[in-house]
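Reader: I have a new structure to look at, and I would like to learn how to read it. Could you walk me through a few features?

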Amino acid sequence: LERRRSIQFLMDGRRNSLGGGSQCTVIDDKKLPYSATTTAVPAAGALFGPQRRMSSLEASKRAELSRPHCEHYQRNCSIVAPCCGATFGCRICHDDCPVLPPLLHDYRQKTDTHHQGGGRRKYQRSSSMPTSFSGMSEPQHHTIDRFAVTEVICRFCYLRQSSKTNRCLGCNTQFGEYHCAICNLWMSKEERPYHCPDCGFCRVGGAENFRHCHDCGMCIDKSLFREHNCKVGKYMSNCPVCQEDLFSSRSASHEMPCGHAIHWHCFRDLAAHDSRCPVCKKTAETHERMLPTWNAMAMGIALQPVPPDLAKAVTIVCNDCEKSEENRAWHFLGVQCRHCQSFNTVVERIAMVGPQAHEFLMVADPHPLHLEAQQQQAQQQQQQTNQRRYRRI
């Protein structure tokens, strides 16, 4: 029976993809200290003699050397994904990989249907990416659970061991300057990482510089904590630009005056062509920073009057102060709000158009040049009136 199984393994390529070239042995689940549904079991193969121990080390070495290059963290170990059993430099390498092996439980269900008699067989992936998907389900992309990682592989001696340590059990190599056994994280201390128990995972920047806000659900800079716009569940949402989760994102976030949060790099890209919040359309900058821009726009409107044929009398609504104004003169550069000086306004209704609107707006909302001309004309009339009075006296 074992001979027929070995021949079948060679025919469908499972020996190459599931590795090691060693004979598969049934292992009792009760003898293992961890669950077989989340962890590749044959790391415990050292219990079966020197030959099995050597094959397990060779499988770990092959998995380490065939993994994708990691440029996210400075560490001396690689993680074994509990979901698919493949080896990666970090969880980001796993999630960014375009093609992943099938999930381990899917593969076991597939193999159990072909396995007749005896107990369940458990296989160890000897490489980060299988060389053949024969007999497996179609690969599907999935994300890794960082807290479910239980095994790592040393990058020097290739020993597969528990993830709850910062030093290799074989060569005593330190895996990282900073280690968190909860998040299964190894990295350098250059970014001053720390574990926030309220957030539930590690963040960077130094624990002494941040304070957790239980309403916002995020660590806030202590210098800005008293003045920050506290809003329940503010960071429990996606970035309005890239749609990445803000709470667990590795990128810095930015809080806009309206209270909505956005990635800092997304905000800089957005500010290059739009100064409004993508969610509520309020101005994404403070009033003091936008005032010079608004004054420049008002000057441009004063120098470029709309021809009478294109004149429009409109009703506007300001997105910033949320106040409406009627009988305002439309301009292609925008209509300025009289209450907050903002140009972040929208036209709600058009009352009149054409020469009729032009004549009406000369009184209701005159153009700055027309208003200046009217003021000069009024001053001249006042001077003429005063001269006549002096002559009479």
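Author: Happy to! Let us begin with Gly-233, which is found in the loop between E10 and E11. Please keep in mind that this is a predicted model.

Reader: Is Gly-233 buried or exposed, or something in between?

Author: Gly-233 has a relative accessible area of 32%, so it is partly exposed, because that class covers values between 20% and 50%.

Reader: And what does Gly-233 touch, leaving aside its neighbours within four places in sequence?

Author: Its contacts are then Asp-215 and Cys-216. For Cys-216, the C-alpha atom is separated from that of Gly-233 by 5.3 Å, although the two residues are 17 apart along the chain.

Reader: Thanks! Next, how should I read a pair of aromatic rings?

Author: A pair of aromatic rings is described by two things, the distance of the centres and the angle of the planes. In this structure, a search of the whole model finds 4 aromatic pairs. One of them joins Tyr-194 and Phe-210, with ring centres 6.3 Å apart and planes at 25°, so this pair is stacked.

Reader: Where in the chain do Tyr-194 and Phe-210 sit?

Author: Tyr-194 is in strand E7 (residues 193-196) and Phe-210 is in strand E9 (residues 210-213), so the pair, 16 residues apart, links distant parts of the chain. Tyr-194 counts as buried at 10% relative accessibility, while Phe-210, at 24%, counts as partly exposed.

Reader: What kind of aromatic pair do Phe-201 and Phe-247 form?

Author: That pair is edge-to-face, with 5.2 Å centre to centre and 75° between the planes. It too links distant parts of the chain: Phe-201 belongs to strand E8 (residues 201-204), and Phe-247 lies 46 residues away in the loop between strand E10 (218-221) and strand E11 (253-255). Phe-201 is buried, with a relative accessible area of 8%, and Phe-247 counts as buried at 14%.

Reader: Which residue lies over the face of Phe-201?

Author: That is Arg-146, at 5.1 Å from the ring centre. There is a case with a lysine as well: Lys-312 lies over the face of Trp-330, at 4.6 Å from the ring centre.

Reader: How do I find empty space in a model?

Author: Rolling a probe the size of a water molecule over the atoms shows where empty space is left. Here the largest pocket holds about 1,100 Å³ of space. It is lined by 40 residues, and the closest to its centre are Arg-203, Met-218, Cys-219, Ala-252 and Ser-253. Strand E6 (185-187), E8, E10 and E11 are the elements that each give two or more residues to the lining.

Reader: Where is His-263 placed, and which side chain does its own side chain make a polar contact with?

Author: His-263 is in strand E12 (residues 261-263). Its side chain makes a polar contact with the side chain of Ser-249, at 2.9 Å. His-263 counts as buried, with 0% relative accessibility. Not counting residues up to four places away in sequence, His-263 touches several others, among them Cys-239, Cys-242, Ala-252 and Ser-253.

Methods:
Residues are numbered from 1 along each chain as its sequence is written. This is a predicted model: local features need pLDDT of at least 70, side-chain atom pairs count only at pLDDT 80 or more; totals for chains, interfaces and linings use all residues. Side-chain values use heavy atoms; hydrogens and water are left out. Rings of Phe, Tyr and Trp (its six-membered ring) pair if their centres lie within 6.5 Å; planes under 30 degrees apart count as stacked, over 60 as edge-to-face and the rest as tilted. Helices (H or I, at least four residues) and strands (E, at least two) are DSSP runs, numbered from the N terminus. Buried means under 20% relative accessible area, exposed over 50%, partly exposed in between (1.4 Å probe, protein chains only). A charge sits over a ring if NZ of Lys or CZ of Arg is within 6 Å of the ring centre and within 35 degrees of the ring normal. On a 1 Å grid over the protein atoms alone, a cavity is a set of points where a 1.4 Å probe fits but cannot get out, and a pocket is an open set with protein on both sides within 12 Å along at least five of seven lines; lining residues have an atom within 4 Å of a point. Grid points are joined across faces, edges and corners, and a volume is the space filled by probe spheres set on the points. A polar contact is a pair of N or O atoms within 3.5 Å; within protein, one must be able to donate a hydrogen and the other to accept it, and residues adjacent in sequence count only if both atoms are side-chain atoms. Contact means heavy atoms within 4.5 Å.
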